[in-house]
Amino acid sequence: MDIALQDRRVFNLRDFGIKRGLSFGHYRYKAVKPGLESHLHQGALEICFCMKGQQYYKIGEQLYELNGNDIFVVPPDTMHSTGEFPEDKGELFWLQILLDSSVGKLCNMPKKQSDFLLNTLLDKSQCIFKGSFQLKLNLEKLVDYLENVDSMLSKIMIDQLITQLLLETVILSKKTQKSLPSIKLNTLDKYIQKNLFRIIYVDEMANIVGMSTGYFKAWFKKESGMPPKEYVNRLKIEQAKIDLRTTKTVTEVAFGLGFASSQYFATTFKKFTGTTPKSYRRLQREL
């Protein structure tokens, strides 16, 4: 059965006859949630599809940053968490599949085919690669069918959609990743870091990379998974975390990062961290 919450849904795939499935889940958060504690999936790999926003995964001492349209594969029996970061506002899907073929067939695929898909994904574990529009459509369709299983046809469609998701993910993992957008984003990152002390306008960011403002907004959201203003505020809040560990007051930190008021700064800080600047400062001093 599924757990249906307003902004988060989790399905136990074995309840739908997927013998090698553990869970399939989806969240669409409008605010940050508490971070994921360290855990593992015994004998199962997990594919994470970050559609919007930002999400972090920590494996060992390595921290991985996922942005909109990124895919990340967590290998089986591997402890992972979101580190010191919360589950971020945005949208994310995940799929967990057991590797042990003795449990049963994977969506009625021949063993040779399912082994090929899963072994290919294992080779791409702990790598970040880009998704596709078609992948998002299939993920949304899978949610719909899992929520409305009313016939044998629905169960067949669930099998087919999981197979399609695995196949499409394997194909995407083999594509050469484009480097040009990341070069432009790096240029913008450097510019934003130099100007964190003031308001940074979208039209000036567009001018930096030689785009019209309208085209820039669409391009930036596609590449980063969030609007330009949100991206700038995220970088400001990361700097605020550093500044709050010093002797500066919350008001000094707010004005030093170009916020119009300490109240707006506190609202923005809580939006991206789940806590207030004062609570964050107190916690850091206790550590």
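Does Val-232 count as buried or exposed, and at what relative accessibility? Val-232 counts as buried, at 4% relative accessibility. The notes below start from the whole chain and come back to that residue. Keep in mind that this is a predicted model.

1. **Overall build.** The protein chain holds ten helices and eight strands. Its radius of gyration is 21 Å, close to the 19 Å that the globule rule gives for 287 residues, so the chain is as compact as a globular protein of that length. Along the principal axes, the C-alpha atoms fill a box of roughly 60 × 45 × 35 Å.

2. **Burial and contacts.** Of the 287 residues, 48% count as buried. Take the contacts between residues at least 6 apart in sequence: 68% of these join residues at least 24 apart.

3. **Surface and charge.** The protein chain exposes about 14,900 Å². Carbon and sulfur atoms supply 54% of that area. There are 41 positive and 31 negative charges, and their mean positions are 4 Å apart.

4. **Helix α7.** This helix covers residues 228-243, 16 residues in total. From its first C-alpha to its last it reaches 23 Å, close to the 22 Å expected at 1.5 Å a residue. Twelve of the 16 residues are buried, so α7 is largely enclosed by the rest of the structure. The buried set includes charged side chains, among them Glu-230, Arg-234, Lys-236, Lys-241 and Asp-243. Val-232, Leu-235 and Ile-237 are also buried.

5. **Val-232.** This residue sits in helix α7. Why does Val-232 count as buried? Its relative accessibility is 4%, and buried means under 20%. Leaving out residues up to four places away in sequence, Val-232 touches Ile-192, Ile-200 and Met-205. Asp-189 is 43 residues away along the chain, yet the C-alpha atoms of Val-232 and Asp-189 are separated by 8.7 Å.

6. **Ile-192.** Look next at one of the partners of Val-232. Ile-192 lies in helix α4, residues 180-194. At 0% relative accessibility, Ile-192 counts as buried. Which residues does Ile-192 contact, beyond its neighbours within four places in sequence? They are Ile-200, Met-205, Tyr-231, Val-232 and Leu-235. Tyr-231, Val-232 and Leu-235 are among the buried residues of α7. Ile-200 and Met-205 also touch Val-232. Glu-140 is another matter: Ile-192 and Glu-140 are 52 residues apart in sequence and 35 Å apart in space, C-alpha to C-alpha.

7. **Glu-204.** Helix α5, residues 202-208, contains Glu-204. The cut-off for buried is under 20%. Glu-204 touches Tyr-191, Arg-198 and Ile-199, with residues up to four places away in sequence not counted.

8. **Cys-107: check the backbone.** Cys-107 is not a glycine, but its phi is positive, about 55 degrees. Where does Cys-107 lie? It is in the loop between β7 (90-98) and α1 (111-123). Cys-107 counts as buried, at 8% relative accessibility.

9. Gln-126 lies in the loop between α1 and β8 (128-130). Is Gln-126 buried or partly exposed? Gln-126 is partly exposed, with a relative accessible area of 29%. Cys-107, by contrast, counts as buried.

Notes
Residues numbered from 1 in each chain as written. Predicted model: local features only at pLDDT ≥ 70, side-chain atom pairs only at ≥ 80, totals over all residues. Heavy atoms only, no water. Helix = DSSP H or I, 4+ residues; strand = E, 2+ residues; numbered from the N terminus. Rg over C-alpha atoms; globule rule 2.2 N^0.38 Å. Buried < 20%, exposed > 50% of the residue type's maximum accessible area, 1.4 Å probe, protein only. Contact = heavy atoms within 4.5 Å. Areas by Shrake-Rupley, 256 points an atom, 1.4 Å probe, with all protein chains shown as cover. Charge placed at Lys NZ, Arg CZ, Asp CG, Glu CD. Expected span 1.5 Å × (residues − 1).
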